[in-house]
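Visitor: I would like to learn how to read a protein structure. Could you take me through one, step by step?

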Amino acid sequence: MDVPAMGLRLEPEPGGDGRSLAELRARWRSASLAAGWRFPSDWALPEVDTVCAAVLRGGTAEIPIAGLARARAAAGAGLAETLADLAALHAVITPPGDSGGLVSPDVDALPSRLLRVAALAWAEVAMDKLATTEVIDPLTGLPTASYLRTRLRELYGRPAHRVSEDHTLLVVSVDLSGVTGWSRLTAMILIAEALRGVFDGGESTAKLGPSTVAAAVPRDGRIAAKAVMLRRELHERLSVDDQLESVSPPKIKLVRLPATHDSACDLLQRLART
């Protein structure tokens with residue numbers, strides 16, 4: 001999404017025509033750090049110099065500012081921090097007036113059009129990052145329950161598709177109540193590996209809770225064989241580690257999916273507590 005040019009101009013203060021880009025950049029950085037920029041080493045970006053050059057020319061700065069806002073979002077800066085940084089620039093290049101020459105960055109003092117340009121550009125990148133981020137459990141590497149809810153919504157949304165008849169939920173749970181430390185973590189990692197190894201044909205797998213994983217699988221006649229294969233994989237993986245001797249054999253069960261997506265979400269919540 002391109003931010004349209006709106007003729008916004010940032011005029012340098014009187015007498016600033018001979019000021020070098022490096023000087024403006026240094027003043028802007030100092031004002032931004034004083035306004036609360038958290039990580040000084042992350043402030044400098046190539047887009048900063050582009051904005052400085054546009055300001056020194058006295059020309060339209062909307063496109064460079066939009067580019068900087070996108071770069072800030074891509075680098076992980078929040079919207080509030082990005083706008084505060086822009087307010088620091090605005091304070092540096094605004095004539096001091098009655099302030100006695102003090103630089104006082106204030107987001108509320110930003111021109112509304114400048115605020116809009118920066119916010120829209122930042123949001124464009126931030127939303128793209130959110131949309132492309134996979135929801136993955138860091139311990140097991142499996143998608144989370146929220147991912148499985150999304151996949152089930154797609155299934156329930158298909159026309160003339162009865163999910164409860166065409167798919168089922170294979171659930172693996174293990175009693176880890178007496179297991180602590182590395183043994184607990186290792187058990188869940190091995191269980192997740194076994195689940196991924198057996199259901200590697202595009203089935204939706206997920207970690208539902210601290211000791212429960214699941215896979216949404218089609219009712220195509222291969223479920224029983226897959227369950228047997230999974231039980232064998234679980235036994236082989238868990239039995240090779242002496243530290244997992246206290247872990248009870250995982251339980252595998254097939255759970256019928258309900259008629260609606262809302263009911264399926266309630267089911268996932270109940271299973272997460274088992």
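Visitor: How many helices and strands does the protein chain have?

Guide: The protein chain has 10 helices and four strands. Helices (H or I, at least four residues) and strands (E, at least two) are DSSP runs, numbered from the N terminus. Along the sequence, the pattern reads α-α-α-α-α-α-α-β-α-β-β-α-β-α. Please keep in mind that this is a predicted model, in which local features need pLDDT of at least 70, side-chain atom pairs count only at pLDDT 80 or more, and totals for chains, interfaces and linings use all residues. Residues are numbered from 1 along each chain as its sequence is written, and side-chain values use heavy atoms, with hydrogens and water left out.

Visitor: What percentage of the residues of the protein chain count as buried?

Guide: Buried means under 20% relative accessible area, exposed over 50%, and partly exposed in between (1.4 Å probe, protein chains only). Of the 274 residues here, 43% count as buried.

Visitor: Which residues of H4 are buried?

Guide: They are Glu 81, Thr 82, Leu 83, Asp 85, Leu 86, Ala 87, Ala 88, Leu 89, His 90, Ala 91, Val 92 and Ile 93. Because 12 of its 15 residues are buried, H4 is largely enclosed by the rest of the structure.

Visitor: Why does Arg 162 count as exposed?

Guide: Arg 162 counts as exposed because its relative accessibility is 54%. You will find Arg 162 in the loop between helix H6 (145-156) and helix H7 (163-166).

Visitor: How far does helix H8 reach from its first C-alpha to its last?

Guide: The expected span of a helix is 1.5 Å times one less than its number of residues. Helix H8 (residues 181-198) has 18 residues and reaches 27 Å, close to the 26 Å expected. Its buried residues, including Ala 187, Leu 190 and Leu 195, pack against strand E1 (167-173), strand E2 (204-209), strand E3 (212-218) and helix H9 (223-239). A contact, by the way, means heavy atoms within 4.5 Å.

Visitor: How many residues are in the largest nonpolar core?

Guide: In soluble globular proteins, nonpolar side chains tend to be buried together. A nonpolar core is a set of buried Ala, Val, Leu, Ile, Met, Phe, Trp, Tyr and Cys residues joined through side-chain atoms within 4.5 Å. The largest one has 34 residues, and among those with the most contacts inside it are Leu 24, Trp 28 and Leu 89. Two or more residues come from each of helix H1 (21-34), helix H2 (46-57), helix H3 (62-74), helix H4 (79-93) and helix H5 (112-132). Another core, of 26 residues, lies apart from it, with Val 179, Ala 187, Leu 238 and Leu 244 among them.

Visitor: How many cavities of 30 Å³ or more does a search of the whole structure find?

Guide: Rolling a probe the size of a water molecule over the atoms shows where empty space is left. On a 1 Å grid over the protein atoms alone, a cavity is a set of points where a 1.4 Å probe fits but cannot get out, and lining residues have an atom within 4 Å of a point. Grid points are joined across faces, edges and corners, and a volume is the space filled by probe spheres set on the points. The search finds two cavities.

Visitor: Which residues line the largest cavity?

Guide: Phe 199, Glu 203, Val 217, Pro 218, Asp 220, Arg 222, Ile 223 and Lys 226 do. E3 and H9 are the elements that give two or more residues to this lining. H3 gives the most to the lining of the second largest cavity, with four residues.

Terms used
On a 1 Å grid over the protein atoms alone, a cavity is a set of points where a 1.4 Å probe fits but cannot get out, and a pocket is an open set with protein on both sides within 12 Å along at least five of seven lines; lining residues have an atom within 4 Å of a point.
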